[in-house]
Amino acid sequence: DPAGLFSRGELKLEKGELTKAVQDFKTAQANSPDEATAHKIKQKLYTAYTEILRDTFADGEGFLAEYRQ
């Protein structure tokens, strides 16, 4: 359920569990979300990537290509 995974990812993002939040967002994205949910996922992924890169750049280097999109 993409919407459920998105919601769980939001909770993890709020708790500061950034990598786990990204995992939930990516799984939600891979499960054919509706257009509105897909847009929200993209926004939250950007937020999570930004925080990861800001906090520990080395941990976020694997996300750079997607972050730039």
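Contact, as used in these legends, means heavy atoms within 4.5 Å. Welcome to a predicted model, in which local features need pLDDT of at least 70, side-chain atom pairs count only at pLDDT 80 or more, and totals for chains, interfaces and linings use all residues. Residues are numbered from 1 along each chain as its sequence is written, and side-chain values use heavy atoms, with hydrogens and water left out.

**View 1. K12 and its surroundings.** Let us start with K12, whose place is in helix 1; helices here are DSSP runs (H or I, at least four residues), numbered from the N terminus. Setting aside neighbours within four places in sequence, K12 is in contact with E17, K20, A21 and D24. Is K12 buried or exposed? K12 has a relative accessible area of 18% and is buried, given that buried means under 20% relative accessible area, exposed over 50%, and partly exposed in between (1.4 Å probe, protein chains only).

**View 2. Salt bridges around D24.** A salt bridge is a side-chain nitrogen of Lys or Arg within 4 Å of a carboxyl oxygen of Asp or Glu. By this rule the count comes to 3 salt bridges. One of them brings together the side chains of D24 and R8, at 2.7 Å from N to O. D24 lies in helix 2 and R8 in helix 1, so this pair ties together parts that are 16 residues apart in sequence. D24 counts as buried because its relative accessibility is 5%, whereas R8, at 42%, counts as partly exposed. D24 also meets K12 in a salt bridge, with 3.1 Å from N to O. That pair links distant parts of the chain, with D24 in helix 2 and K12 in helix 1, 12 residues apart. Both D24 and K12 are buried. Through salt bridges that share partners, R8, K12 and D24 are joined into one network.

View 3. K44 lies in helix 3 and E10 in helix 1, so the pair ties together parts that are 34 residues apart in sequence. How accessible are the two partners? K44 has 27% relative accessibility and counts as partly exposed; E10, at 24%, counts as partly exposed too.

**View 4. An aromatic pair.** A pair of aromatic rings is described by the distance of the centres and the angle of the planes. Rings of Phe, Tyr and Trp (its six-membered ring) pair if their centres lie within 6.5 Å; planes under 30 degrees apart count as stacked, over 60 as edge-to-face and the rest as tilted. How many aromatic pairs does a search of the whole structure find? The search finds 1. The partners are F6 and F25, in a tilted arrangement with 5.7 Å centre to centre and 40 degrees between the planes. This pair links distant parts of the chain, as F6 sits in helix 1 (residues 2-15) and F25 in helix 2 (residues 18-30), 19 residues apart. F6 is buried, with a relative accessible area of 6%, and F25 counts as buried at 0% relative accessibility.

**View 5. T37 beside F6.** T37 lies in helix 3. Not counting residues up to four places away in sequence, T37 touches P2, A3 and F6. With 8% relative accessibility, T37 counts as buried.

**View 6. The largest nonpolar core.** A nonpolar core is a set of buried Ala, Val, Leu, Ile, Met, Phe, Trp, Tyr and Cys residues joined through side-chain atoms within 4.5 Å. The largest one has 14 residues, of which L13, V22, F25, I41 and L45 touch the most other members. Helix 1, helix 2 and helix 3 (35-55) are the elements that give two or more residues to this core. Take L45: leaving aside neighbours within four places in sequence, L45 is in contact with V22, F25, K26, Q29 and E66.

**View 7. Along helix 2.** Which residues of helix 2 are buried? They are L18, A21, V22, D24, F25 and A28. Seen down the axis of helix 2, these buried residues fall within an arc of 165 degrees, so they line one face of the helix; the arc is that of the directions from the helix axis to the C-beta atoms. Helix 1 and helix 3 are among what covers them. Just after helix 2, S32 takes a positive phi of about 50 degrees.
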